[in-house]
Amino acid sequence: MRPSIVDLPILIVLLTVWTYWAIVGAMANRRRRKTRKLSGVLPEQRLETLMWIVWLPLIAAWLALPWLALTHHAGAFALPAFATSDAFMPVRWIAAAFGVAALYGSILSWRQMGRHWTMAVTRDETSVLLSGGMFSRIRHPIYALSILLMLATLVVVPTWPIVVIATIHVILMSIKARNEEKFMIATHGEDYLRYVRATGRFMPRMPGPR
């Protein structure tokens with residue numbers, strides 16, 4: 001039976017996702033004010049420009065769909081019946097907690113990147129090879145945590161619209177990560193290739209047989 005009170009897992013995910021993108025917006029604005037230009041904020045490559053055409057409406061949908069699920073009790077935006085069952089509710093609470101953890105991990109990664117944080121490949125700046133902290137095991141912890149937050153959203157709000165945007169999001173993250181790796185290889189050469197061999201893209205590399 002659907003509860004009459006506010007669905008707390010959705011509310012937690014909703015606030016987490018809004019906080020995530022509010023921080024990203026603040027960092028982009030701070031970079032714009034500091035550099036007095038949009039380098040590193042707006043895409044410069046044709047590939048990333050095409051990705052942004054898809055990404056911007058996807059982000060808007062990610063911000064809106066949990067709210068629509070919270071406020072609608074029927075229709076395509078509403079939670080399916082199984083989502084509020086006693087069996088599935090604990091899974092949704094766990095997913096909401098993972099979403100909060102993903103936000104926290106993202107904040108740590110953003111702080112580690114500091115002034116080197118960008119939203120796009122920027123060829124007119126010297127890129128820095130980060131290999132400590134969360135970057136010591138994973139090459140793209142921010143993207144990995146963004147995927148985790150999206151998957152947490154999907155579990156908490158298991159509607160077909162979110163299935164669609166989650167699928168697109170994972171594909172875009174993979175394309176963007178591979179594109180940045182090509183840029184880093186061209187910039188740092190063998191140093192980055194050694195880093196690639198020691199790390200995983202989105203998950204820590206499993207040790208091979210000895």
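Among the contacts in this chain, where contact means heavy atoms within 4.5 Å, those between residues at least 6 apart in sequence join residues at least 24 apart in 81% of cases. Before I go on, please keep in mind that this is a predicted model, in which local features need pLDDT of at least 70 and side-chain atom pairs count only at pLDDT 80 or more, while totals for chains, interfaces and linings use all residues. Residues are numbered from 1 along each chain as its sequence is written, and side-chain values use heavy atoms, with hydrogens and water left out.

Turning to the fold, the chain has six helices and zero strands, where helices (H or I, at least four residues) and strands (E, at least two) are DSSP runs numbered from the N terminus. The radius of gyration, taken over C-alpha atoms, is compared with a globule rule of 2.2 Å times the number of residues to the power 0.38; for this chain the radius is 19 Å, close to the 17 Å that the rule gives for 210 residues, so the chain is as compact as a globular protein of that length. The C-alpha trace spans about 60 × 50 × 25 Å along its principal axes.

As for burial, I call a residue buried under 20% relative accessible area, exposed over 50%, and partly exposed in between, using a 1.4 Å probe and protein chains only. On that basis, buried residues make up 42% of the 210 residues in the chain.

Helix α4, residues 141–156, is mostly covered, with 12 of its 16 residues buried, among them Pro141, Tyr143, Leu149 and Val156.

Let me finish with two histidines. Histidine 140 sits in the loop between α3 (89–113) and α4, and it is buried, with a relative accessible area of 7%. Not counting residues up to four places away in sequence, histidine 140 touches Ala177, Glu180, Glu181, Tyr192, Arg201 and Phe202.

Histidine 188, by contrast, lies in helix α5, residues 160–188, and is partly exposed, with a relative accessible area of 21%. Leaving aside neighbours within four places in sequence, histidine 188 is in contact with Ser127, Val128 and Leu129. The C-alpha atoms of histidine 188 and leucine 129 are separated by 7.8 Å, although these residues are 59 residues apart along the chain.
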